[in-house]
There are 2 protein chains.
Amino acid sequence: MTVNPHLEVVHVFVAALEQLGVRHVCISPGSRSTPLTIAFARHPGFKVWTLLDERSAAYFALGLAQQTRQPVVLLCTSGTAAANYLPAVVEARFSRVPLLVFTADRPKELRAVGANQTIDQVNLYGSHVKWSLEMPTPDGTAELLPHARQMAVRLVTNALSAPQGPVHLNWPFREPLLPPQKRDVESEFIEHVLPMSVAIARKQFTELELQNLADIINRIERVLFIVGPQFDQNLAEPLLQIALKLKIPILADPLSQLRAVAQTSDLQYIIDHYDSLLRHQELVEAKFLTQWKPELVIRLGQMPVSKVLGAYLAKLRGVRQLAIDDASEWRDPIFGATDVWQTDPVLLLQALNRIVPEREESLFAANWRALNEQIADCQRKAIDAIEGQMRDQFSREQTFAMPSLLFEGRIFLELAHLLPPHTTLYVGNSMPVRDLDSFFGKINKPMFILGNRGASGIDGVVSSALGASAGHTNGPTVLVIGDISFFHDLNGLLAAKQYRIDLTVILVHNDGGGIFSFLPQATQDDVFPYFETPHGLEFQSVITMYQGVYKQISDWETFRREMTRSIAEGGLRVLELRTNRELNVLMHRKVFQTCREELLP
Amino acid sequence: MTVNPHLEVVHVFVAALEQLGVRHVCISPGSRSTPLTIAFARHPGFKVWTLLDERSAAYFALGLAQQTRQPVVLLCTSGTAAANYLPAVVEARFSRVPLLVFTADRPKELRAVGANQTIDQVNLYGSHVKWSLEMPTPDGTAELLPHARQMAVRLVTNALSAPQGPVHLNWPFREPLLPPQKRDVESEFIEHVLPMSVAIARKQFTELELQNLADIINRIERVLFIVGPQFDQNLAEPLLQIALKLKIPILADPLSQLRAVAQTSDLQYIIDHYDSLLRHQELVEAKFLTQWKPELVIRLGQMPVSKVLGAYLAKLRGVRQLAIDDASEWRDPIFGATDVWQTDPVLLLQALNRIVPEREESLFAANWRALNEQIADCQRKAIDAIEGQMRDQFSREQTFAMPSLLFEGRIFLELAHLLPPHTTLYVGNSMPVRDLDSFFGKINKPMFILGNRGASGIDGVVSSALGASAGHTNGPTVLVIGDISFFHDLNGLLAAKQYRIDLTVILVHNDGGGIFSFLPQATQDDVFPYFETPHGLEFQSVITMYQGVYKQISDWETFRREMTRSIAEGGLRVLELRTNRELNVLMHRKVFQTCREELLP
């Protein structure tokens, strides 16, 4: 077979990536990418995942990178294959996940001349990658070997620098596409001979600067932490410490990695029911915007999931708001930030802990804590009561077809207790993440709670969860997802079959876009079908096609039993909860209403 | 419910599109796109298709536009939804299909500040749309009404001008998202009051210019037409006429709309077996590159599918090559074009027909015709013989598990005869389109033969075929597709269920990327699994989920019977042919080898 000797460069490139700690490579089969595919496949340092659908492959890589906190390689051939990466690249950009996106291409001379499977891949991902580069076509020029090595280092460094994110390399290859065997390549640049490394320092203030910044916080009594989605599990410890020392309530988004933390942590300052509290319009007007109004809000992470929290923040005009972010991209769609501290959040909190003095609890903080516990209690009771009422009502009415009375929010109440420590809980967008916010209370049990909140798409969630599971070594992975989102990425399930990846999927099936029933569009009867879109799909057969186990769940007893069993047995298991869109809206409103009345100021 | 009065502008925009002849709108549900969704849904002039997966939706719109030759609207919400359109947009750009891509967006003030579901949608499709524009956020400014009307006209004009293609409009909307009822809008710009129209002239030469150009062709004896993929069914008539008059052989790609044409057409100059002929290395060297070498090659359409034809063209150095295209984007990856005529091909051929004189047939043309008939005959016989030999051999060897001996190429030999007139035949990339090229001979029966040859992706073929069927009013639609490509777009099948679209799918299932078995990668045993990727999927259950009928086909008798039945009964029907990758390669080689020997120069 004809070998292309110029392709020795791919071995240099791949060896450099291995030296820099890259371990996972997700390849979608194709011809033009042959040189890199072969180089990765023949290098013992990589775990190669072969994934047919590029859209799913890219989300799988995203989940793997979220879990492993290392850059993951994506590799595909030229043409629309590369275009299929865009959704996950967008998500990675906004959720700051390091991806190394390699697209093979025709050489320059075959662009814009009508060559087969040739599109315009240069800057294909636009502003949604941090860096994009085109390699020279391998042609035997000696400099291309050290150049490739340097580009490998540069790509990894770029992807890992704050803000982490995706980078793109477009690599043109001329035929023939078979690279030489690595053993036949006499290159001083291939591994061991010239080992390589990258060390990336994080931004931190000097002692003097820190003291000035600490003074700002120390001087203020009514301070509130608000932590949105973020993946760093090291944030919890220093943040909880400083909150305890200064008695600062932390409004902790469900994806902040602050709701399910180590056994030993003191969670009393974690406010997990702010979403329910801030739905209480009268309470907000009478208290949270007047005598309990904060003087300083300190924000970390992405914008929180909760819409009512966003609305509350927007009303805090005149309140100093501090945004802490390690990049110039702090997330502030309500334009509230008055102070921006560009620094690594974990290093900052650790340093502040060393210098801030302990202080007494203010009435402000005590109130937040008390109300939070009160509404958490109320909510638990209200859910039981309302499910009971519904059951009574429907059995009284002897409805011919008894609708499912499972309250979607209860799933998360149950999960907080059912899931073992070190579970990775992946949560779909639209309703699941909102229910997670409202109903998954804080718990002393470490978990990694993930979602695609960069662009909040519903399109690649199955694959992301499978990727997260593939990179997860010390616990189960559980996905909660709605039926539209599950449908969107059914193709992702092939990876579970191919690689026997463990994943328990809790499929909340209400036959349509349930979230629309909560929106104003639901009032427009004539056009509402264009939003809710019932599809009538029964997923059992397709789950079976991917060798998954399917269970339909119609009561919480069975749910608990099947969850325990699923986690114990592993594999792909889908527990489907059929719910009713209209009743679900009604139950949500009743739960919030009941607790609103109990808390009336 | 709160209505946003500024949103009256969407009614002006939508009314203008209707006046300009736009009829089909493909909407993927979402919240931010509510104003346009409601305006389209409430306007009686549109057929609205609600399609959940944006990637499939975009390919569905592409197929619809290929079939109807009219611009089709795509509408989605903000975020990764818009990113999912990219693959089909790329395909539309290179295959010149008019699409109007509308992406709803957050208003400008919510960009780059971490707002939910907000990405960078401005120029999201880069160079893969012909034109991209962002609308002003509707804010009640009076000029925005005539502006929206003008932008509608501009978009349609752009999409329909040569080269046709996709255009993109990003439309920011502020909440509230409910538009006023059209009847409540007192706008002089909404329909009827100010009717609108667009007329687009095509490029054509003056009589004087034409005469000069005609002289070039007249003076040359050995002329060859080469027509690649193109969608204009009006090309056949003038091209066949001029070929008959000047005795010019036409090497007609299977997607050139020249292989299955009207009953009355004289097809003697259509060369449909050039791919098999030009595989005959000795014949090429001894004849086609010497005494039968053309003096002028006239090329129309995209680059043909056949690789051997491409290789032959590349060897025609020193031969004048004329590229006719209505845009500056003539397709010439072999850099052979010496003369470029930028004009509408159909108008040119019609005009030339009027002025070129009839002439005698050259030996050159007679040879092409004779050899073409000879190899067509031989091929038919060889396929029968080889299938028979294989059957004998395997039954002699009493193999425990008799592999499928169906020869994939035979599908197209059968289809040419089985399909009724006015069938739309959609053909998947990778192997099906190559087998179509080799084995679907010319026939006097009008059909529309389509594929995604712009970027030759395998990712959206099911949806494209369903879109083509949805726009097809006077005949059946049949899709031939491989298993990897079918898997890639399984989600597309939902449209068939939702809208009861008729489609017969011939699924060629050889459990993997069959084309790789023909490539050099197949010689690299250790890494070949990274290319062939068997997935072991049994599609029956998922077809049933989408309410399709599944049939497994194991002999040609059954194939013929089930094809006839499927076309008669309609609905979604999948005929699966299990084939064997290795045997298939072997049989292909034997067929070509047999006829090569018979034709030895």
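Reply: Happy to. One term before we start: a polar contact is a pair of N or O atoms within 3.5 Å, where, within protein, one must be able to donate a hydrogen and the other to accept it. Keep in mind that this is a predicted model.

Me: Thanks. What does the side chain of A:Arg106 make a polar contact with?

Reply: Its partner is the side chain of A:Ser78, at 3.0 Å.

Me: And where is A:Arg106 in chain A?

Reply: A:Arg106 sits in the loop that runs between strand 4 (99–105) and strand 5 (131–134).

Me: Which side chain of opposite charge is nearest to A:Arg106?

Reply: That is A:Glu175, 5.7 Å away. A salt bridge needs the nitrogen within 4 Å of a carboxyl oxygen, and A:Arg106 has no salt bridge, yet is buried.

Me: What else is A:Arg106 in contact with, leaving aside neighbours within four places in sequence?

Reply: Its contacts include A:Arg32, A:Asn116, A:Thr118 and A:Phe173.

Me: You mentioned A:Glu175. What is the peptide bond from there to A:Pro176 like, cis or trans?

Reply: That bond is cis, with omega near 0°. A:Pro176 belongs to the loop between strand 6 (166–172) and helix 7 (207–218) of chain A. In chain B, the bond from B:Ala162 to B:Pro163 is cis as well, with omega near -10°.

Me: Switching to the interface: how much area do chain A and chain B bury between them?

Reply: About 6,700 Å², with 63% of it on carbon and sulfur atoms. Each chain is represented in the contact, with 76 residues from chain A and 76 residues from chain B.

Me: How many salt bridges are there between chain A and chain B?

Reply: Four. One of the salt bridges joins A:Asp53 and B:Arg55, whose closest N and O atoms are 2.7 Å apart. On the chain A side, helix 2 (residues 34–42) gives the most, with five residues. By class, that side has 38 nonpolar, 24 polar and 14 charged residues.

Me: Now backbone angles. What is phi of A:Ser456?

Reply: About 55°, a positive value although A:Ser456 is not a glycine. Its place is the loop between strand 14 (448–451) and helix 16 (461–470) of chain A.

Me: Is A:Ser456 buried or exposed, and why?

Reply: A:Ser456 counts as buried because its relative accessibility is 6%, and the cut-off for buried is under 20%.

Me: And A:Asn123, what is phi there?

Reply: Near 60°, again positive in a residue other than glycine. A:Asn123 is partly exposed, with a relative accessible area of 48%.

Note on methods:
Residues are numbered from 1 along each chain as its sequence is written. Chains are lettered from A and ligands numbered from 1 in the order in which they are written. This is a predicted model: local features need pLDDT of at least 70, side-chain atom pairs count only at pLDDT 80 or more; totals for chains, interfaces and linings use all residues. Side-chain values use heavy atoms; hydrogens and water are left out. Helices (H or I, at least four residues) and strands (E, at least two) are DSSP runs, numbered from the N terminus. Buried means under 20% relative accessible area, exposed over 50%, partly exposed in between (1.4 Å probe, protein chains only). Lys and Arg count as positive and Asp and Glu as negative; His and the chain ends are not counted. Contact means heavy atoms within 4.5 Å. Buried area is the accessible area (1.4 Å probe) that two parts lose on being put together, summed over both. Ala, Val, Leu, Ile, Met, Phe, Trp, Tyr, Cys and Pro count as nonpolar, Asp, Glu, Lys and Arg as charged, and the others, Gly among them, as polar.
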